[in-house]
Amino acid sequence: MNWEDNVRKVIPYTPGEQPVGDVIKLNTNENPYPPSPEVKKVLSEYDTSELRKYPDVYGGKLRDKLSEVYGVSRDNIFVGVGSDDVLAIAFLTFFNGREPVIFPDITYSFYDVWCDLYRIPYEMIPLNDEFRIIKEDYIRPNGGIVIPNPNAPTGVEKSVEDLEFIIKNNKGSIVIIDEAYVDFGGRSVLPLIEKYDNLLVVQTFSKSRSMAGVRIGMAFGSSKLIGYMNDVKFSINSYTMNRLTIEAGAAALEDNEYFVRTCEKVISTRERVKKQLKELGFDFPDSKANFIFATHKRVKAEDIFNAAKAKNIYVRWWNKPRIDDYLRISIGTDGEMDALVGFLREYLDGSI
Ligand SMILES: *Cc1c(COP(=O)(O)O)cnc(C)c1O
């Protein structure tokens, strides 16, 4: 007997690179703009003597503010350390059956990692050739469903009506809609939580609220779902949301105008860059997220990825079937995108 035989071995999720130094970083879908000035204010004025006490187990002020801003009761809200934490708890809580959990074959690459970790059977449902989800494919026996909307890394949005079709026809299982990118012009299924007690909607502060470094994610669902998630969470670690995070998150929610304005900036840059990429010979599904998933008609994605990196421009590329000729390009500031487009123009011309 070797102790290593009893180790829970997993192949972990690979996050995008976090290079140090002066680079143009378009590889992890971070927001190029800082968080609201309200966040800076509340953190700089924080009374640190409060830190000796444990925080509120439900996220206190943060959950209250979410309830106000999103117009849902506190009992319908769960907060966690980024939506990765929220999703990990949701998988552990809800996916405990014999039938496979189903999700798209091209999607957020954490879903299969959690399934492997928790020994949840799963099946990936192929997107069609245009990277679209076919709603009828999700009408089959399953132990749960996860769909990001807009999908990652494609940026393709599914209509609320199609998602409702999937939720309505799967009342025997939990359907998780991961809305990490919904604030960049997509439509949320949030209002449907009143109609379907099997729907969990997951969102994050990491992208649209410029707070990836703070780690805040939330889930909205029926009080029954949220209750079950709390039971599991309190069986692992009750105090996941620290006092500073709670303050920072609540402050960000105070400043809705700033949030709307930065999202609009990202959207308008995205639409401009779409036109430029088209002119340079790129093809991509129409994106409703803060990134564009693009392939070039002539030049291999891997070559562009490496050449860009050599010029300190980081985008994301996966050596995976079906998507290995695509680059996922996060939307940065107008200046950063101009630098990228300038680089691409020269590179594709063969001048560098
Ligand atoms: C970024 C992302 C997440 C996780 O983000 P957090 O930083 O953990 O909130 C979850 N789902 C998708 C699809 C994402 O792209």
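This tour moves through a predicted model, from its domains to its cores, its ligand site and a few backbone features.

**Domains**

Begin by colouring the protein chain according to its domain assignment: domain 1 covers 3-34 + 257-348, and domain 2 covers 41-255. The C-alpha centres of these two domains are 23 Å apart. To display the interface, select the 32 residues of domain 1 that are in contact with 33 residues of domain 2.

**Nonpolar cores**

Next, select Leu62, Leu66, Leu199, Phe205 and Phe220, which have the most contacts inside the largest nonpolar core, a set of 44 residues.

Centre the view on Leu62. Beyond its neighbours within four places in sequence, Leu62 is in contact with Val79, Phe205, Ile216, Met241, Ile246, Gly249, Ala250 and Leu253. Apart from this core lies another one, of 39 residues; to find it, select Tyr181, Phe259, Ile313 and Ile331, which are among its members.

**Ligand site**

Select the ligand and the 13 residues that surround it, of which Ser83, Tyr181, Thr204, Ser206 and Lys207 are the closest.

- Asp178: an N or O atom of its side chain is 2.7 Å from a nitrogen atom of the ligand.
- Tyr181: an N or O atom of its side chain is 2.5 Å from an oxygen atom of the ligand.
- Ser206: a polar side-chain atom lies 2.6 Å from an oxygen atom of the ligand.

Switching to a surface view, note that the ligand taken alone exposes 380 Å², of which the protein buries 92%.

**The loop between strand 5 and helix 5**

Move to Asn149, in the loop between strand 5 and helix 5. Is Asn149 buried or exposed? Its relative accessibility is 0%, so Asn149 counts as buried. The side chain of Asn149 reaches the backbone nitrogen of Lys158 at 2.7 Å. Leaving aside neighbours within four places in sequence, the contacts of Asn149 include Val156, Glu157, Leu163, Ile177, Glu179, Val182 and Arg187. Asp178, whose side chain was seen beside the ligand, is also in contact with Asn149.

Inspect the backbone here as well. The peptide bond from Asn149 to Pro150 is cis, with omega near -5°, and Pro150 is found in this loop. A cis peptide bond also joins Ala152 and Pro153, with omega about 5°; Pro153 lies in the loop between strand 5 and helix 5.

**Positive phi angles**

Which phi angle does Phe131 adopt? Although Phe131 is not a glycine, its phi is positive, about 60°. Phe131 is placed in the loop between strand 4 (122-125) and strand 5, and is buried, with a relative accessible area of 6%.

Finish at Asn312, in the loop between helix 9 (301-310) and strand 11 (313-314). Asn312 is not a glycine, yet has a positive phi of about 65°. Asn312 is partly exposed, with a relative accessible area of 36%.

Methods:
Residues numbered from 1 in each chain as written. Predicted model: local features only at pLDDT ≥ 70, side-chain atom pairs only at ≥ 80, totals over all residues. Heavy atoms only, no water. Core = buried A, V, L, I, M, F, W, Y, C linked by side-chain atoms within 4.5 Å. Buried < 20%, exposed > 50% of the residue type's maximum accessible area, 1.4 Å probe, protein only. Contact = heavy atoms within 4.5 Å. Near = heavy atom within 4 Å. Polar contact = N/O pair within 3.5 Å; in protein donor to acceptor, adjacent residues only side chain to side chain. Areas by Shrake-Rupley, 256 points an atom, 1.4 Å probe, with all protein chains shown as cover. Domains from an automatic or database assignment. Helix = DSSP H or I, 4+ residues; strand = E, 2+ residues; numbered from the N terminus.
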